[in-house]
Amino acid sequence: MALPLSILDLAYIGKGETAADSFAASVELARRAEEWGYHRIWYAEHHNMPTIASSATSVLIAHVAAHTSTIRLGAGGVMLPNHSPLTIAEQYGTLATLHPGRIDLGLGRAPGSDQKTLRALRRTPSSADNFPQDVLELQGYLTGESRIPGVDATPGKGTNVPLYILGSSLFGAQLAAMLGLPYAFASHFAPAALEEAVSLYRREFKPSAQLAEPYVIAGVNVITADTKEKAEEQFLAAKRNRVSLLLGRDREFTDEEADMILESPAGQQILQMTKYSAIGTPGEVKDYLDRFAEHAQADELIVVSAAPDREAWLRSFELLADVRGLVSA
């Protein structure tokens, strides 16, 4: 049986688009993904990034949830060091109250921003040091067993919003195992520690009230097209866009400049980020995902498409749903 298949929607703002265009595209994708049978869609918290519109993640989830009916929606993730646990419990408790049984809460330790943005958020790098304690405090609010006497999350108390630990290193794997929570590995952009982290998580996992057995979600890049040539064309465009995003410093490179950078040591690092990428026809992508799922010891795959063309972006998810045999909602 095929593993559950989910989507990470980066809520990107394409060339010539506005944030409003991005939100409209996210709603359209969610509606179609619900019909196609995808398990869940997650949105990630980023700040001060001109091409990503999911900074206010809970607000975007609320908007998409109001335009869909059954598909699970959540954060993949909330960067908890940027917030107080009580605030996040109230936000996601509100979402779970409005949309029962549909809301997930993935938690990351990274700030999701640079040092200047950290200061603008009124946070410091040391905020991440409290991540394990903050996760437990947040969990207490959501389960109705507050760790702060006299303080409850309203809404939030007793909603039992399921928590997921996100990570790209051994730290997240150890924490998820210790707390008995599902573990989502960011192998779609940080592939290096995938095998070691998943093995550690499965080996050290301790059952909890939320989860009896280990559960691994692995991220993977996907661009599916009617021909391999079309898929490769979109993949090259995506890599060029990533060069501008990561190295552009408020400027965009021409295709020729981006290609030269991709051949440089800095470009090789960017290419390494896309190590786990399924690019090609539906059959080729299916075969790759089957192999990747076994390699990652995954219980669920979450796919992200960086195809810059909106039509190709939607088509990629549609073709993948067809070939993976997903059941319509």
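**Group meeting: a walk through the model**

Let's start with Arg240, which is buried, with a relative accessible area of 18%; buried here means under 20% relative accessible area, exposed is over 50%, and partly exposed lies in between, using a 1.4 Å probe and protein chains only. Before I go on, a word on what you're looking at: this is a predicted model, where local features need pLDDT of at least 70, side-chain atom pairs count only at pLDDT 80 or more, and totals for chains, interfaces and linings use all residues. Residues are numbered from 1 along each chain as its sequence is written, and side-chain values use heavy atoms, with hydrogens and water left out.

Okay, back to Arg240. You'll find Arg240 in helix 8, residues 228–247. Helices (H or I, at least four residues) and strands (E, at least two) are DSSP runs, numbered from the N terminus. So what does Arg240 touch, leaving aside its neighbours within four places in sequence? Asp255, Ala258 and Asp259 are in contact with Arg240, where contact means heavy atoms within 4.5 Å. Ala33, on the other hand, is 207 residues from Arg240 in sequence and 27 Å away in space, C-alpha to C-alpha.

Next up, strand 7, residues 216–224. Nine of its nine residues are buried, so strand 7 counts as mostly covered. Val216, Ala218, Val220, Val222 and Thr224 point one way, while Ile217, Gly219, Asn221 and Ile223 point the other way.

Which strands sit beside strand 7? Two strands pair if DSSP finds at least two bridges between them. Strand 6, residues 183–185, runs parallel to strand 7 and is joined to it by three bridges, and there Phe185 stands opposite Ala218. Strand 9, residues 300–304, is also parallel to strand 7, with five bridges, and Asn221 stands opposite Val304. Then there's strand 8, residues 277–280, which pairs with strand 7 in the parallel sense over four bridges; here Ile223 faces Ile279.

Now over to helix 6, residues 170–179. Its buried residues include Gly172, Ala173 and Leu175. The buried residues of helix 6 pack against helix 5, strand 5 (163–167), strand 6 and helix 7 (194–204). Just after helix 6 comes Gly180, with a positive phi of about 70°.

Let's finish with two helix pairs. For these, axes are lines fitted to C-alpha atoms, for helices over the stretch in contact, and angles run from 0 to 180 degrees between N-to-C directions.

Here's pair one. The axes of helix 3 (residues 85–98) and helix 5 (residues 131–143) come within 9 Å and cross at roughly 40°. That makes helix 3 oblique to helix 5: angles under 35 degrees count as roughly parallel, over 145 as roughly antiparallel, 65 to 115 as roughly perpendicular and the rest as oblique. The crossing of helix 3 and helix 5 is right-handed, meaning the near helix is turned clockwise from the far one by less than a right angle, with anticlockwise being left-handed. Among the residues that meet are Pro85, Leu86 and Ile88 of helix 3 and Leu138, Tyr141 and Leu142 of helix 5.

And pair two: helix 11 (residues 282–295) and helix 12 (residues 310–324) pack at about 70°, their axes 9 Å apart. Helix 11 and helix 12 are therefore roughly perpendicular to each other. Helix 11 also passes helix 12 in a right-handed crossing. Residues making this contact include Val285, Lys286 and Leu289 of helix 11, plus Leu319, Leu320 and Arg324 of helix 12.

That's the tour, thanks!
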